[in-house]
Amino acid sequence: MAKNEVAVVGVGLSKHVSKRRDVNIAELVWEAVSACYEDAGLKPKDIDAFVTGNMPAFEGVNLPEEWGAGHWGAYGKPLLRITTGGTTGGSVAHGGYYAVASGLCDTVMAVAFEKQSDGNSTAGLNTVAIADAAAQFALGVDPGFLAAFGGGAVGVAVYQASSYMKSSGCTTHHLDKVAALCRNNAALNPYSHLKQPGLTPEDVAKTVLMQYPIRFGHVCPATDGACAMIFTTGEKARKLTDKPAYVLSVASCSDEAAMVGIAGSGTTNVDPCAQESCKIAAAKAYELAGIKDPRREIDLAEPYAPFAHQLLMFYERLLLCDEGEAPSVLDSGSMNLDGELPVCPSGGVISTNAIGASAMERVAECALQIMGKCGERQVKKEVHKAVAHGWGGAVNLNVVAVLSDTPRR
Amino acid sequence: MDKEVAIIAYAQTPYEADANASREMQVLQVAKAALEAAGLKRDELDTVITANNDYLDGRTISNMRLVEPSGAWRKNESKVEMDGAYAVLYALMRILSGDHGIAMVVGESQASVYAGYVPGTMMLDPTFDRQRGLLNEVSAAALQARAYMHASGVTEEQIAGVAAKNLGNAAKNPLALRSDAGADAAKVLASRMLYSPIRELMTSALCDGACAIILASGKAATKAEKPVWIKGVGFSHDSYLTERSLSRLTSLKDAASRCYSMAGIENPASQIDLAEVHECFAHEELMAYEALGFCPEGEGGAFFDSGATRIDGSLPVNASGGAMCANVVCAAGMARIIEASMQIRGEAGERQVEGVKTALAHGQTGICAQENIVFVLGGE
Amino acid sequence: MERFFDGMREGKLMASRCPGCGRVFLPPRMVCERCLTRAEDWVELPLTGSVETFTEAHVRLAPDGTLEDLEDPELIAMVRHDGADTCVAARLDAPQAAVGMRVEAVLDPGAENVLDLLSCYRAAE
Ligand SMILES: [Zn+2]
């Protein structure tokens, strides 16, 4: 069976806001799906299979596609559900890539979404902590220590941010700058959630301190939103569009969690800012893509950064500069829309976080930038190769995809 | 597909009502056993796919704590939130892409820690059906059974007969949770009525357990002892239960036809030597006979009466005892694949069927078998 | 769904209809899965329909996930309203059921909870 070249020929996004009371989950997804069909110029009959995912506990619906997949045209079609927490959207996009690359399908729609206003995402995330807490009680761990992990994902992020700042020379001012950069980019993106044109680092520095060093302005909102992408073979893509975005490679890597769990899984010996698994995934993705020097060859990056420090930290872990150098890269202006290696032109996860969709929206933005469909936020330089990233779990699962305007050789 | 990807090793836990082990320990046990059976080291795995469900595991990101026990540490790992047979499909896709050579698939769930049929209700339309409280996996299956009986003229005795056959086969399966060598239709019909026509012994046995399967391509496959080749796969999805005809398994029929065309099967009843069907309820096995083309539509009951699907028949179905003897929700389809592989390799002990060269394995997800996947496997 | 519930308050059964293929959804759906079109036409359906399939419930699902015995078994039917392409699952208030049996919806326009507006079905003349 021939291995297929894979390309993105369509992207669709729903409106992203904090509470979509006007639509249910299936209808929200339909917005992204119908926009995606339109973008690609395809119809449901052209799709061979669907890959889908979200974070189920956030809506309180188990396997929502059982009831909702008809809304994305999956009636009578093969469907595969992939869910991996924060990386879900990225994992779903990877599923789309593999389904086409395997030769089992020609054209696949990948759909990722989250409607957090139907559920409670902190409660959802706390079930991660509660299951672990139960185990740790059994192991005799002090409940006071556990309390530090409360509050959903912020817990781990705080330790990670301080650790990153210590090892990199990143200051709180850099965090403020990242937030301002992203929210200004978001203002140019019609699908973003928090648009704050003209926001300055000084404004961010005035927001409430949640837990040092993280301020309210450094953190993502909770968003309702959906993203759909159509993957097809290189051959079909060239017939459909002059400018497909080829998926050169995908890779993921799962590390042990930097918190101890049941039956000895996880460890306290891993620094949550080390992100060895991100480096492994990135190296693998570049190798498969035939990229030898990512710093020179990558034109654009969409790291998954719901917290400001993560944009800088993952820029480094995606091997785009030396460790500890990202703050000075930020200062140089290189990450701006008109910079040498623009970062999060979409506004990033810090501006819009429909969790199950977020990691796919990174891939989608890379594809849109390569296809030149980004309107006001289109970066100045020509984008030949772009890298999309996602993290999930207790920041121990990483997914990376490399896209390009030319196919993989 | 001709000898591209093979199942080279597998392992299952015994199926228990309340296992004295955490799910992590069960996964570790099967992952290690499968690696040992394959003669592989963990380092040699390229990718790991897990099958589990956040609602059943009672935690978000249910794969997160399976990284170490499944052998996925610092490896390319992902999770399929469906029946484990779909995780096998995803591993197959990853290998066929050329990016990976050897894949580990693990599936697990522990019925002793989730609230029985409650997670199933979370699959219902949240705006109407779920809140009205009438439908659940069992009552919906009863509606399906009645619709099927009406359409195909099947009787309650025939449905009970399927359950009895599988419980009898299970008596020769040392891993089975529920078995009864002396079961007959009368005994099944005397069990507690739940939702007519479904009685207690017509439901599958929810339980604790885990399965692991290792897939490989190229050299790792050809040099393996008795590789079981994946000859075809097909999968499909049907409408929500109130929006389709419950009397037929349309998406299974669709999945089977995709699978058969890949595997070069024109006459399933004569070309397939044995089938393992994931029957969450006994009547679904009869529906599957029709959807899989073992008999014409509407003749599932008669086909069963002919004895063809008994362990000594021309096309034994669920020689293992099927899901009637053990139903680990996210691993049940993997258990079907493992049994089919064991039968091909001649490893099925007392329940071994003679001369199995080509076998079919089926998995399902969703209420009333909304989504179905079919594999055709073959030996040398 | 709003329109569906509001309709029942007035004693009417409102279904959504796909302008593309004409499929009629009750309970209403906003998108027709067969042709992926917004099902934004509305039609009023008669209260009558036929039993597609049914079950006699001897148990109910308890919060712990087990099935607990009901004192009196009750009928649950899946009903296809005349003119609809999808079904509604509801209680059937009748001594016995059969596939194909003619039934009519019993509405309770005064119900506090919108989910109780469609209270059950009963045999139609
Ligand atoms: Zn239509």
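Which residues of chain A are linked in a network of salt bridges? They are A:Glu276, A:Lys279, A:Glu316, A:Arg317 and A:Glu323. A salt bridge here is a side-chain nitrogen of Lys or Arg within 4 Å of a carboxyl oxygen of Asp or Glu.

## Basis of the model

The model is predicted: local features need pLDDT of at least 70 and side-chain atom pairs count only at pLDDT 80 or more, while totals for chains, interfaces and linings use all residues. Residues are numbered from 1 along each chain as its sequence is written, chains are lettered from A and ligands numbered from 1 in the order in which they are written, and side-chain values use heavy atoms, with hydrogens and water left out.

## Overall form of chain B

Chain B contains 15 helices and eleven strands; helices (H or I, at least four residues) and strands (E, at least two) are DSSP runs numbered from the N terminus. Its radius of gyration is 19 Å, close to the 21 Å that the globule rule gives for 380 residues, so chain B is as compact as a globular protein of that length. The radius is taken over C-alpha atoms, and the rule is 2.2 Å times the number of residues to the power 0.38. The C-alpha trace of chain B spans about 55 × 45 × 35 Å along its principal axes.

Of the 380 residues of chain B, 70% count as buried. Buried means under 20% relative accessible area, exposed over 50%, and partly exposed in between (1.4 Å probe, protein chains only). Among contacts in chain B with a separation of 6 or more, 78% come from residues 24 or more positions apart, a contact being heavy atoms within 4.5 Å.

## Surface and charge of chain B

Chain B carries 33 positive and 47 negative side chains, with the centres of the two sets 4 Å apart. Lys and Arg count as positive and Asp and Glu as negative, without His and the chain ends; each charge is placed at NZ of Lys, CZ of Arg, CG of Asp or CD of Glu.

## Salt bridges across the sequence

Over all chains, the structure holds 39 salt bridges. One of them joins A:Lys236 to A:Asp106, with the closest N and O atoms 3.2 Å apart. A:Lys236 lies in helix H9 (residues 234-240) of chain A and A:Asp106 in the loop between helix H3 (88-101) and strand E4 (108-115), so the pair ties together parts that are 130 residues apart in sequence. A:Lys236 is partly exposed at 36% relative accessible area, and A:Asp106 is partly exposed at 29%.

A:Lys381 and A:Asp299 also form a salt bridge, their closest N and O atoms being 3.2 Å apart. A:Lys381 is partly exposed at 26% relative accessibility, whereas A:Asp299 is buried at 7%. In chain B, the side chains of B:Glu108 and B:Arg23 meet in a salt bridge at 2.7 Å, N to O. This pair links strand E4 (residues 102-110), which holds B:Glu108, with helix H1 (residues 23-38), which holds B:Arg23, 85 residues apart. Both B:Glu108 and B:Arg23 are buried.

## Surroundings of B:Ala335

B:Ala335 belongs to helix H15 (residues 332-345) of chain B and is buried at 8% relative accessibility. Apart from neighbours within four places in sequence, B:Ala335 contacts B:Gln12, B:Tyr15 and B:Cys211. The C-alpha atoms of B:Ala335 and B:Gly84 are separated by 8.6 Å, although the two residues are 251 residues apart along the chain.
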